[in-house]
Amino acid sequence: MTAGTASRTGWVWHELYGWHDTGRAAGYVLGAPGVQPFAHFESAESKTRFASLVEVSGLREQLTEIRPRAASVEDLLRVHDAAHVDRIREESRRQHGGDMGDGSSPFGWNGYEVGALAAGGAIEAVRAVADGSVDNAYALVRPPGHHAVRESGMGFCMFANVAVAIEAVRASHGLERFAVIDWDVHHGNGTEAIYADDPDVLTVSIHQDRNYPIDTGDAGVHGAGAAAGSIVNVALPPGSGNGAYRAAFERVVLPSVAAFKPDMIIVACGYDASAADPLSAMMLTSSTYREMTRSLVELAGAVCGGRLAMSHEGGYSPVYVPFCGLAVVEALSGIDSGIADPYEADWAAWAGQELQPHQGRVIELVRGQLSLSTE
Ligand code: ZN
């Protein structure tokens with residue numbers, strides 16, 4: 001590609017995403033004896049530093065900028081209860097803000113506006129892919145969305161960004177079938193719950209078994225009734241690394257999405273399965289995020305006209321998220337920024353990075369539940 005020519009990959013980022021204020025909890029604990037106030041895990045740094053690396057690498061100027069706009073109340077109400085939206089708006093006007101719904105997901109003054117802009121960023125990315133103005137897109141939004149359920153936020157998520165985007169595009173573009181692949185290390189419980197009865201949305205979550213939420217995401221859950229088979233949960237044991245994720249992708253994720261034949265693939269893209277994350281016990285390096293993205297670009301080309309959008313979720317290592325994210329955006333755009341991951345070699349060499357037998361058994365269990373008819 002010629003320098004300065006915009007690629008067909010869209011990019012969403014807005015300064016206000018960095019202004020979402022999660023306060024001074026130590027991780028997510030505040031107000032407990034002996035706990036010195038510090039920074040919330042879901043602080044701005046991992047995202048702003050990702051945006052900075054995309055900028056200084058020279059990659060951003062080769063992407064197609066997509067301006068986010070705030071999701072309207074109508075957009076939010078396609079997914080959420082009015083009581084939830086109203087409560088967030090009301091608390092958002094308070095000087096010290098409020099909480100998204102579970103007591104450990106704070107937001108500051110004006111938090112509603114940032115949350116609506118995050119959901120709106122996901123909408124605009126998905127819409128740009130749907131109308132063909134870009135081939136694929138990455139929405140670097142904050143706060144994240146995949147834990148939010150219809151009636152509440154939770155797990156640092158205010159609104160269900162991906163679901164809000166799907167419903168907006170269903171309303172405006174007539175696309176119906178979506179495959180949501182959630183590789184955030186935590187179970188994508190919100191998206192799964194919102195679409196549990198919808199046979200036209202496949203939710204595939206690959207996550208650390210019983211990390212968060214502790215009571216959802218079991219490998220045995222795969223949908224019921226008319227939506228039977230539309231839920232796939234690859235609940236990997238702690239300690240899983242590059243080999244386990246690549247095997248899960250090859251044996252479960254790619255075949256299940258191919259068989260589903262979606263109109264678009266959307267990734268709930270978290271980086272908290274990385275080797276450096278404080279909220280999990282997994283070991284991914286950027287090369288696996290790159291490889292998973294490459295395989296989805298290829299799959300989208302084969303099954304849904306290349307339509308692929310990603311919406312940023314978790315990832316709490318300010319040091320490492322930028323390099324994992326750069327790898328993903330390079331793979332989406334096909335552009336090599338020339339900047340190498342300086343941590344890859346050390347962490348990819350850790351013992352246990354290859355697929356372990358107990359991890360393989362989980363993957364085979366889930367594969368055995370899939371409906372892989374390609375008729
Ligand atoms: Zn997460």
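In which sense do β6 and β9 pair, and over how many bridges? They pair in the parallel sense, over five bridges. Two strands count as paired if DSSP finds at least two bridges between them. The model is predicted: local features need pLDDT of at least 70, side-chain atom pairs count only at pLDDT 80 or more, and totals for chains, interfaces and linings use all residues. Residues are numbered from 1 along each chain as its sequence is written, and side-chain values use heavy atoms, with hydrogens and water left out.

**Sheet**

- Eight strands form an open sheet, ordered β2-β1-β5-β10-β9-β6-β7-β8, with parallel pairing.
- Its edge strands are β2 (64–65) and β8, each pairing on one side only.
- Strands (E, at least two residues) and helices (H or I, at least four) are DSSP runs, numbered from the N terminus.

- β10 spans residues 308–312 and is mostly covered: five of its five residues are buried.
- Buried means under 20% relative accessible area, exposed over 50%, and partly exposed in between (1.4 Å probe, protein chains only).
- L308, M310 and H312 point one way from β10, A309 and S311 the other way, and all are buried.
- Strand β5 (residues 136–139) pairs with β10 in the parallel sense over four bridges.
- Strand β9 (residues 264–269) runs parallel to β10 and is joined to it by five bridges.
- M310 in β10 has Y138 opposite, and V267 also stands opposite M310.
- A right-handed β-α-β unit is made by β9, helix α8 (residues 286–303) and β10.
- Right-handed means that, with the strands pointing away from the viewer, the path from the first strand over the helix to the second runs clockwise.

- β8 covers residues 231–236, and six of its six residues are buried.
- I231, N233 and A235 point one way, V232, V234 and L236 the other way.
- Strand β7 (residues 201–208) runs parallel to β8, joined by six bridges.
- T203 stands opposite I231 in β8.

**Nonpolar core**

- The largest nonpolar core has 108 residues, and Y138 and W183 have the most contacts inside it.
- Helix α4 (residues 111–130) gives the most to this core, with 13 residues.
- Such a core is a set of buried Ala, Val, Leu, Ile, Met, Phe, Trp, Tyr and Cys residues joined through side-chain atoms within 4.5 Å.
- In soluble globular proteins, nonpolar side chains tend to be buried together.
- Leaving aside neighbours within four places in sequence, W183 is in contact with residues including V267, M310, F249 and Y289.
- Contact means heavy atoms within 4.5 Å.

**Zinc site**

- The zinc ion is coordinated by D184 (OD), D184 (OD), H186 (ND1) and D272 (OD), at 2.0 to 2.7 Å.
- Donors are N, O and S atoms within 2.8 Å of the metal (3.2 Å for Na, K and Ca); water is not among the atoms, so sites may look incomplete.
- The arrangement is irregular because the four donor atoms subtend angles of 54 to 156 degrees.
- Four donors count as tetrahedral if all angles lie between 85 and 135 degrees; four count as square planar and six as octahedral if opposite donors are over 155 degrees apart and all others between 65 and 115; anything else is irregular.
- The donor residues are spaced D-x1-H-x85-D in sequence.
- H186 lies in the loop between β6 (178–182) and α6 (189–194), D272 in the loop between β9 and α8, 86 residues apart.
- H186 counts as buried because its relative accessibility is 6%.
- D272 counts as buried, at 0% relative accessibility.
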